[in-house]
Number of protein chains: 2
Amino acid sequence: MPTETRIVIVDDHPVVLEGLTNMLHSLDSIKLVAGCADAIATMAVLRKEPVDLVITDINLPEISGIELCRRIRTAFPHTRVIGISTFHDPAYARELLNCGGSCFVTKNASVTEFETAIRKALQGETWVGDLLTEQKPLSFSQQEGPVITRREREVLALIATGFTNKEIAEKLFVSISTVDSHRKNLLTKFGVLNTAALVARAAKSGLIS
Amino acid sequence: MPTETRIVIVDDHPVVLEGLTNMLHSLDSIKLVAGCADAIATMAVLRKEPVDLVITDINLPEISGIELCRRIRTAFPHTRVIGISTFHDPAYARELLNCGGSCFVTKNASVTEFETAIRKALQGETWVGDLLTEQKPLSFSQQEGPVITRREREVLALIATGFTNKEIAEKLFVSISTVDSHRKNLLTKFGVLNTAALVARAAKSGLIS
DNA sequence: CGTGAAATCCCCTTTTCAGGGGATGCGTTT
DNA sequence: AAACGCATCCCCTGAAAAGGGGATTTCACG
């Protein structure tokens with residue numbers, strides 16, 4: 001590596017920010033440009049000075065880490081993004097990669113894992129951590145949250161808000177049958193037997209506001 | 001303070017552990033005895049050497065921080081406990097204090113707040129952070145989630161897991177009618193019309209794992 | 001130009017839930 | 001002793017959801 005890698009860390013929890021900062025100090029050739037608490041502040045920093053890598057929490061107030069990633073990659077294509085999250089949620093990882101993110105690691109990842117993620121990100125590779133890749137696609141798509149379509153996501157959101165099939169049908173200008181089909185598909189995809197479990201699982205996967 | 005305060009930190013996320021450790025380093029008269037990832041390890045440390053204060057995450061794998069607190073206070077009455085959590089959930093705070101905890105702070109608390117909490121805890125006082133005490137009981141019981149009984153909490157958890165009233169009844173060794181009553185009370189207390197909204201709200205309030 | 005996924009719609013039956021009512025013990029608090 | 005909250009149990013009815021099946025259009029992709 002010719003020069004120092006310029007890094008920005010984003011997390012709304014000072015404790016985590018501190019922990020990450022400290023963790024990075026132990027690595028070579030790294031210059032911590034800034035630690036930000038939200039997406040707005042981060043974009044402001046990026047506009048002012050060149051940054052090679054942004055390490056951001058997924059769960060941020062106002063603007064999510066995913067969205068932040070998208071904006072970074074749109075405005076500064078040379079800046080790589082690593083997402084971190086409390087939970088090893090494949091849905092997050094998938095979304096992050098879809099939005100141009102390089103790596104996804106959980107907060108309980110080891111220093112080694114962080115190092116790997118940083119290295120991979122800087123080389124332009126994608127990586128989603130050991131815990132995630134270890135699992136078979138089948139097993140975690142059942143367990144952690146399946147791939148659902150746009151329409152299913154809409155219906156799911158309305159279900160979680162407490163609307164009945166009939167009400168959802170009226171809102172979406174479709175028939176009750178259609179909503180019912182989507183609902184059934186959701187149950188099947190999530191591998192659950194009723195609405196309660198569906199909503200709980202969706203909430204856990206961060207699919208619900 | 002005559003001697004150093006002996007502290008153990010508990011969090012299953014290395015990053016947070018690191019952050020807290022670092023934060024504590026900046027304070028005087030503190031000796032960090034150990035950093036643990038779970039309740040079992042923590043109890044093992046306590047059995048080996050005297051500890052004045054345990055700072056633990058509420059959300060721990062296997063055994064929760066609340067339960068850990070209870071065990072600590074039962075086995076080592078002189079050891080104080082501070083609970084930390086990602087969310088400023090009054091329900092957590094209440095439970096923690098009920099289990100003998102001294103203070104409750106969120107992970108986005110400032111160093112000053114941590115200092116206050118530590119000081120209060122060592123003096124045997126209880127404290128639940130600024131954000132929590134600022135709010136009136138009425139306002140946050142409406143907004144953050146109603147006060148529900150132990151039994152209702154149990155039923156709610158089982159509902160969210162996807163069990164039907166019949167199955168819950170079998171698990172709790174009560175009749176379906178009873179479970180149904182609890183369910184209805186939950187709907188009323190949360191001010192929602194169906195299970196989907198109930199689970200969503202409960203998830204938002206952090207009442208569901 | 002097929003193929004396939006997504007979205008749309010319909011039929012059927014059984015189970016579960018929601019909403020209304022009331023009632024009984026059993027502790028704790030007043 | 002009375003009042004209260006909690007947990008327990010029961011009745012009823014109608015609505016909603018679950019579970020099963022099948023069918024259509026539309027649109028993107030190879």
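Modeller: In this predicted model, the side chain of A:His182 places an N or O atom 2.9 Å from a phosphate oxygen of DNA strand C. A backbone N or O atom of A:Ser175 lies 2.5 Å from one phosphate oxygen of DNA strand C, and a polar backbone atom of B:Asn165 lies 3.1 Å from a phosphate oxygen of DNA strand C.

In total, 17 residues surround DNA strand C, and the closest are A:Thr149, A:Ser175, A:Thr178, A:Ser181 and B:Lys184. Of the atoms of DNA strand C that come within 4 Å of the protein, sugar and phosphate account for 69%. The surface near DNA strand C receives at least two residues from each of α8 (150-161) and α10 of chain A and α10 of chain B. The largest share, four residues, is that of α10(A). By residue class, the surface near DNA strand C divides into three nonpolar, ten polar and four charged residues.

DNA strand D is likewise surrounded by 17 residues, of which the closest are A:Lys184, A:Thr195, B:Thr149, B:Ser175 and B:Thr178. Sugar and phosphate make up 68% of the atoms of DNA strand D that come within 4 Å of the protein. The side chain of A:Lys184 has an N or O atom 2.6 Å from a base oxygen of DNA strand D, and a polar side-chain atom of B:Ser181 lies 2.7 Å from a base nitrogen of DNA strand D. The side chain of B:Thr149, by contrast, brings an N or O atom to 2.4 Å from a phosphate oxygen of DNA strand D. The elements that give two or more residues to the surface near DNA strand D are α10 (176-190) of chain A, together with α8 and α10 (176-190) of chain B. Here α10(B) gives the largest share, four residues. The surface near DNA strand D comprises three nonpolar, ten polar and four charged residues.

The arrangement of the two chains may now be considered. Chain B is superposed on chain A by a rotation of 179 degrees with 0.3 Å of shift along the axis, at an RMSD of 1.7 Å. That is the relation of a two-fold axis. The C-alpha of B:Gly19 is the one in chain B nearest the axis, at 1.8 Å. Of the interface residues of chain B, 100% are also interface residues in chain A, so the copies meet through the same surface.

The contact between the chains takes 30 residues from chain B and 30 residues from chain A. The buried area is about 2200 Å², of which carbon and sulfur atoms give 67%. B:His13, B:Val15 and B:Glu18 supply 24% of the area that chain B buries against chain A, more than any other three residues. Between the chains there are zero salt bridges and two residue pairs in polar contact. On the side of chain B that touches chain A, two or more residues come from each of α1 (14-25), α8 (150-161) and α11 (195-204) of chain B. The largest share of that side, eight residues, comes from α1(B). That side of chain B divides into 15 nonpolar, eleven polar and four charged residues.

How values were computed: Residues are numbered from 1 along each chain as its sequence is written. Chains are lettered from A and ligands numbered from 1 in the order in which they are written. This is a predicted model: local features need pLDDT of at least 70, side-chain atom pairs count only at pLDDT 80 or more; totals for chains, interfaces and linings use all residues. Side-chain values use heavy atoms; hydrogens and water are left out. Contact means heavy atoms within 4.5 Å. Buried area is the accessible area (1.4 Å probe) that two parts lose on being put together, summed over both. A salt bridge is a side-chain nitrogen of Lys or Arg within 4 Å of a carboxyl oxygen of Asp or Glu. A polar contact is a pair of N or O atoms within 3.5 Å; within protein, one must be able to donate a hydrogen and the other to accept it, and residues adjacent in sequence count only if both atoms are side-chain atoms. Ala, Val, Leu, Ile, Met, Phe, Trp, Tyr, Cys and Pro count as nonpolar, Asp, Glu, Lys and Arg as charged, and the others, Gly among them, as polar. A residue is near a molecule or strand if one of its heavy atoms lies within 4 Å of it. Copies are superposed by least squares on the C-alpha atoms of residues with pLDDT of at least 70 in both.
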